Amino acid sequence: MPSIQLKTPNASYEIVIGSGLIKTLPARLKKLKGSKPFRPFLITSPEIWGLWGRQVLSGFGKQEQPTVLFIPSGEKHKRLRTLEVLLEQLAAAGADRDALLIAFGGGVIGDITGFLAAIYMRGVPYVQSPTTLLAQVDSSVGGKTGVNLEAGKNLVGSFNHPLAVLADTDLLSTLPDAELRAGLQESIKAGVIRDPKLFRYLESNAEAILSGDVKALTQVVASSVRVKADVVAKDERESGLRMILNYGHTLGHAIEAATGYKQLLHGEAVGWGSIAATRLGVMRGIVDKAEAERIIHLILRYGPLTRFKAAPEKLVSLTANDKKNRSGSLSFVLPQKIGEVIIVRDVTRDEMLQAAEWTIALMRKEGAKKREKPGSGRKKRR
Ligand SMILES: NC(=O)c1ccc[n+]([C@@H]2O[C@H](COP(=O)([O-])OP(=O)(O)OC[C@H]3O[C@@H](n4cnc5c(N)ncnc54)[C@H](O)[C@@H]3O)[C@@H](O)[C@H]2O)c1
Ligand SMILES: [Zn+2]
């Protein structure tokens, strides 16, 4: 089973990826805690628990059953008020410093649980057991935790690494197709920024990956995690290198904001944003055309990406709000070739506008193609 060690100045932990992992959860928790006694508290949502709860519980002995706490699913519950409910529930259940929290869900549950673990009794340990592709390849790794405010996403939180990440790729079998495809855009990102081999694997095995083949998915998750872990190890607090993880996200975030965070999944917005960033690379002569075409082709291959309606001018204005932008100058991550990106800080409004217009034109062309080919829409994969 692939296992990756993430070492930062503040933490060192294992990320294990593979099929059949949840059955070994109790044994792994015990190993993590050594000889110390602990009480497991598992945080999840009713939907996910309905699908996988029995399997998770079957691994735990009678005396060691976890206390299960539920939060409703959805980004709109990633708020301080949800955190307060959980804090009160932990206290009411008598959780003390021996508590060990387990985040069993997608990125929303992972981000909330990580923050909960950071603040309950000034900190208790936690483990990530991510259940979506996005959470397995991205959000469970790196220690960023937190919740949203009215003013914006992820504005409150802390850096808090888990004791371990245990990503069971069997769990992806119940994930809606669109969630799988959207999460894979982050894997494409990982390939573009740092791993040409992963990129080629995604090119050659799209059918198996998209049909949910566990072996192929395990390979993709492991390679994507390796990229993220490597970047985070070199720059834990996002002062430099970690910015490359933002490839596709500058315009991606603007697209999400312009559409009220409702129409597109995050990964879909990142897909469009990555296309725009790649176009910027071509416009600047940073990446050659053939290489850029391969990137754009792969992004669309893992579609269909939900289309959006937003004026290019609006998207460009919204990029100014991106919290990753330092001191007024806009940073863009542009591909140089597959596996290598550079950070450019002098992209002009006009250049952005051109790249956004080009991307929207491509989106329209793709939409027209789809309409000519009935029956090529979304299928649910089981
Ligand atoms: N901390 C980080 O570094 C980081 C990085 C990227 C994203 N994020 C955060 O992650 C969140 C998005 O995460 P997400 O995409 O996993 O969304 P999510 O947690 O909302 O999950 C998506 C949907 O899938 C369902 N689901 C989860 N697992 C399932 C399974 N195995 N089978 C069937 N359905 C399942 C959930 O109930 C939910 O409806 C955002 O809040 C984002 O800010 C954090
Ligand atoms: Zn992302």
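How do the residues of the shell around ligand 1 divide into nonpolar, polar and charged? There are 8 nonpolar, 8 polar and 8 charged. Keep in mind that this is a predicted model.

Let's stay with ligand 1. It has 24 residues around it. E75, G107, T131, T132 and T174 come nearest.

Now the polar contacts. Take T131 to begin with. An N or O atom in its side chain sits 2.7 Å from a nitrogen atom of ligand 1. Next, T132. Here an N or O atom of the side chain is 2.6 Å from an oxygen atom of the ligand. Then look at N154. A polar atom of its side chain lies 3.4 Å from an oxygen atom of ligand 1.

How much of ligand 1 does the protein cover? On its own, the ligand has 870 Å² of accessible area, and the protein covers 84% of that.

Which elements give two or more residues to this shell? They are helix 2 (46-58), helix 4 (107-119), helix 5 (133-139) and strand 8 (152-159).

On to the metal. Ligand 2 is a zinc ion. Three residues coordinate the zinc: E186 through OE, and H249 and H266 through NE2. The distances run from 2.0 to 2.1 Å. Along the sequence, the donor spacing reads E-x62-H-x16-H.

E186 is in helix 6 (residues 177-194), and H249 is in helix 10 (residues 249-258), so the pair ties together parts that are 63 residues apart in sequence.

Last one: are E186 and H249 buried or exposed? Both are buried.

How values were computed: Residues are numbered from 1 along each chain as its sequence is written. Chains are lettered from A and ligands numbered from 1 in the order in which they are written. This is a predicted model: local features need pLDDT of at least 70, side-chain atom pairs count only at pLDDT 80 or more; totals for chains, interfaces and linings use all residues. Side-chain values use heavy atoms; hydrogens and water are left out. A residue is near a molecule or strand if one of its heavy atoms lies within 4 Å of it. A polar contact is a pair of N or O atoms within 3.5 Å; within protein, one must be able to donate a hydrogen and the other to accept it, and residues adjacent in sequence count only if both atoms are side-chain atoms. Accessible areas come from the Shrake-Rupley method with a 1.4 Å probe; for residues, only the protein chains shown count as cover. Helices (H or I, at least four residues) and strands (E, at least two) are DSSP runs, numbered from the N terminus. Ala, Val, Leu, Ile, Met, Phe, Trp, Tyr, Cys and Pro count as nonpolar, Asp, Glu, Lys and Arg as charged, and the others, Gly among them, as polar. Donors are N, O and S atoms within 2.8 Å of the metal (3.2 Å for Na, K and Ca); water is not among the atoms, so sites may look incomplete. Buried means under 20% relative accessible area, exposed over 50%, partly exposed in between (1.4 Å probe, protein chains only).
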